[in-house]
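Trainee: Could you walk me through this one, feature by feature? I would like to learn how to read each of them.

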Amino acid sequence: MGDAPRRVALACLAAAAALVLSSCASTGSRVSDAIDSAESATASASIALGLYGDGRALPGLTDTVLGDALTELGSAESDLSQLGPIGNSGAAKQRDAALATIRAATDAVLAAREVVAAGGDPDDAVTVLDHVTDALHDFGGSSGS
Amino acid sequence: MKRIFSVALGVLTAIGGFVDIGDLVTNAVVGSRFGMSLAWVVLIGVVGICVFANMSGRVAAVSGRATFEIIRERLGPRAGLANLSASFFINLMTMTAEIGGITLALQLVTGIEPMLFVPLAAFGVWIVIWRAKFSMLENATGLLGLSLIVFAVAVFMLMPDWGALAQQTFTPSLPSGEQPATYWYYAIALFGAAMTPYEVFFFSSGAVEEGWKRKDLGQARMNVLVGFPLGGILSLAIAACAAIVLLPQAIAVTSLSQVVLPVVQAGGTIAFCFVVVGILAATFGAALETTLSSGYTIAQYFGWSWGKFRRPAKAARFHIVMIAGLLASMAILATGVDPILITEYSVVFSAVALPLTYIPILIIANDREYMGSDVNGRAANGLGLVYLVVILIASIAAIPLMIITGAGA
């Protein structure tokens, strides 16, 4: 093999390696970004629901915060779902665990919204939201976000 | 007495009218992610808009011509048209963001999907422009916008660690988890939010609308030099509220509902009423200004009859452009695009487009043919040139930073 073709082959190998490395990095960072967004959403929901429980936030505002949190969680879940097949099994497990945590957070916000719609006592829903926020925070910490 | 009242009204209107959806969102986003470490940018932006507005107001009062009449005269039709296209596009983005902001504010009260309020908001903007007097629309929204002082009150009610806030402000550093490129991207966004071009189109055209003469320059200067810095304090208060309540809980602001949470935490439902009135006034006022600016820029460039001081029948094309602008904004919002996202892009593109209007105004402010003895003095020129460099750096760096950071993600 001459010098020129060898250089081209080496460049192609380097580009392929860079692509693989960058895709690994981007999988990790996308999981981390999604978890951060989800944590931000549930923390906002928890504050709003707490204020609602104390009679400081009106139902319209509380429902809007919860609705916005659901949009944010949906977007985080969609980002992770669109990652497609991941070769690295460790990364795939991390993605699946992140998805499960985000879905649990979505369920918690949906339940909170029902409490507000029904005009019920939001204390239990606040506790659940705090738990999922902590779970997301711990997940973010363990995944290096 | 009448003079004092007039000055006070002008200053209060300038304070209340300083904040718009771009300031609300960008300051809250920055406060929730970077604390007060970008407060210095607000200071630079406020001084910048004072320099720019003061210059453009003086040019309009002395020459009797507004920004785009002069841009076309000085740059020629072709370069002027390129300038107009870019400025109109940025203004349309800002107008869409402001109308979106009105709908989001209404959602905070009612909980109803904001998309349903879009036609109502656009109609409200149109009817006020059509029917209300220029001074009326400027003063009413500016005075109601003063309700946003509730952000400053909330800062005190939240009883923050003042030492920590001062440390963030005076020894800025990058919070953990944030990249330097993102920090600089938001620095440009804050700068763009403080120096949005429409403010200058509106200010200079307003000078013609209200028939300013040389003798009115003192009052105009007072409005700018007192009102805008006090408005800047409101911007800092918005960032401080987010830094006190949202940053410690890792909440990065992505919606208007998150912006108001610290105020509600501080003052409950009463504070909420004030903040909603303030946001509605700020966004509605800015929607009026951007809609008028869309008409001003195009009508001034093409030499059409313009202005609210004329009856609509005497400035038909001016009014048609504004109606077309409102319809375009409605069409954009009807796609379901997030108004907050439009806001975030509009402030950055404002920074990109800033030199297009700043440079011609700086040149004219030094031209004795237009300005006679009222050309820039040494101090004004020195400051003007420093800001030219700052504006050019921000404009050149904005798009690369937007790409590198994924729009600040």
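**Reading the model together**

Mentor: Over all chains, the structure holds eight salt bridges, a salt bridge being a side-chain nitrogen of Lys or Arg within 4 Å of a carboxyl oxygen of Asp or Glu. This is a predicted model, in which local features need pLDDT of at least 70 and side-chain atom pairs count only at pLDDT 80 or more, while totals for chains, interfaces and linings use all residues. Residues are numbered from 1 along each chain as its sequence is written, chains are lettered from A and ligands numbered from 1 in the order in which they are written, and side-chain values use heavy atoms, with hydrogens and water left out.

Trainee: Which residue forms a salt bridge with D367(B)?

Mentor: R74(B) does, with the closest N and O atoms 2.2 Å apart. Helices are DSSP runs of H or I with at least four residues, strands are runs of E with at least two, and both are numbered from the N terminus. D367(B) sits in the loop between helix 14 (339-364) and helix 15 (368-371) of chain B, and R74(B) in helix 4 of chain B, 293 residues apart.

Trainee: Is D367(B) buried or exposed?

Mentor: Buried means under 20% relative accessible area, exposed over 50%, and partly exposed in between (1.4 Å probe, protein chains only). D367(B) is buried because its relative accessible area is 14%, whereas R74(B), at 38%, counts as partly exposed.

Trainee: What does D374(B) form a salt bridge with?

Mentor: Its partner is R214(B), with 2.4 Å between the closest N and O atoms. D374(B) lies in the loop between helix 15 and helix 16 (378-405) of chain B, and R214(B) in the loop between helix 10 (197-209) and helix 11 of chain B, so the pair ties together parts 160 residues apart in sequence. Here too you can compare burial: D374(B) is buried at 19%, and R214(B) is partly exposed at 46%.

Trainee: How should I read the interface of chain B and chain A?

Mentor: The size of an interface is often given as the accessible area lost when the parts come together. Buried area is that loss, with a 1.4 Å probe, summed over both parts. Between chain B and chain A, about 1,600 Å² is buried, of which carbon and sulfur atoms give 63%.

Trainee: Within chain B, what does I99(B) touch?

Mentor: Leaving out residues up to four places away in sequence, I99(B) touches A121(B), A287(B), L326(B), S329(B) and L333(B). I99(B) is in helix 4 (residues 67-110) of chain B and counts as buried because its relative accessibility is 0%. I99(B) and L326(B) are 227 residues apart in sequence, yet 8.9 Å apart in space, C-alpha to C-alpha.

Trainee: And how many helices and strands does chain A have?

Mentor: Chain A has four helices and zero strands. Of its 145 residues, 39% count as buried.

Conventions. Contact means heavy atoms within 4.5 Å. Buried area is the accessible area (1.4 Å probe) that two parts lose on being put together, summed over both.
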